[in-house]
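These are my notebook entries on a single model. I set down what I looked up, element by element.

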Amino acid sequence: MSTRYLDNCDRCLTESSIPIAPTSVAPDGNGGVLATYKCPTCTAIWTCGWSAQSDDGEAA
Ligand SMILES: [Zn+2]
């Protein structure tokens, strides 16, 4: 799947935390997207707005 819009949970972020992918990504109507996340560790849910990213992502 996509590796775009990865984010980290603020509640349980550690040096070894692995960025998680959003559970959903929806257009925000302004040329960007609103990504929704659910932390697999603490089940926190949050959203983050992003500028739209192309599918040609840079190698991480
Ligand atoms: Zn968490």
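Entry 1, the start of the chain. The model is predicted: local features need pLDDT of at least 70, side-chain atom pairs count only at pLDDT 80 or more, and totals for chains, interfaces and linings use all residues. Residues are numbered from 1 along each chain as its sequence is written.

Is Tyr5 buried or exposed? I record Tyr5 as buried, because 21 C-beta neighbours lie inside 10 Å. The terms are set as follows: a residue is buried if 20 or more other C-beta atoms lie within 10 Å of its own, exposed if 12 or fewer, and partly exposed in between, with C-beta atoms placed from the backbone. I also noted the backbone of Tyr5, where phi is near 60°, a positive value in a residue other than glycine.

Entry 2, the sheet. I traced an open sheet of three strands in the order E1-E2-E3, with antiparallel pairing. Two strands pair if DSSP finds at least two bridges between them. Strand E1 (24–27) and strand E3 (45–51) each have a single partner strand and stand at the edges, so one side of each is left without a neighbour in the sheet. On average, neighbouring strands of this sheet are turned by 25° against each other, direction ignored. For such angles, axes are lines fitted to C-alpha atoms, for helices over the stretch in contact, and angles run from 0 to 180 degrees between N-to-C directions.

How many bridges join E2 to E3? I found seven between strand E2 (residues 32–38) and E3, which run antiparallel. Lys38 has Ile45 in E3 as its bridge partner, and Val33 stands opposite Trp50 in E3.

Entry 4, the loop between E2 and E3. The hairpin of these two strands has six residues between the strands. I located Thr43 in this loop. Its phi is near 65°, again a positive value in a residue other than glycine. Thr43 counts as exposed because it has 9 other C-beta atoms within 10 Å.

Asn30 is exposed, with 10 other C-beta atoms within 10 Å. Which distance separates the C-alpha atoms of Asn30 and Ser51? I noted 9.0 Å between them, although the two residues are 21 residues apart along the chain.
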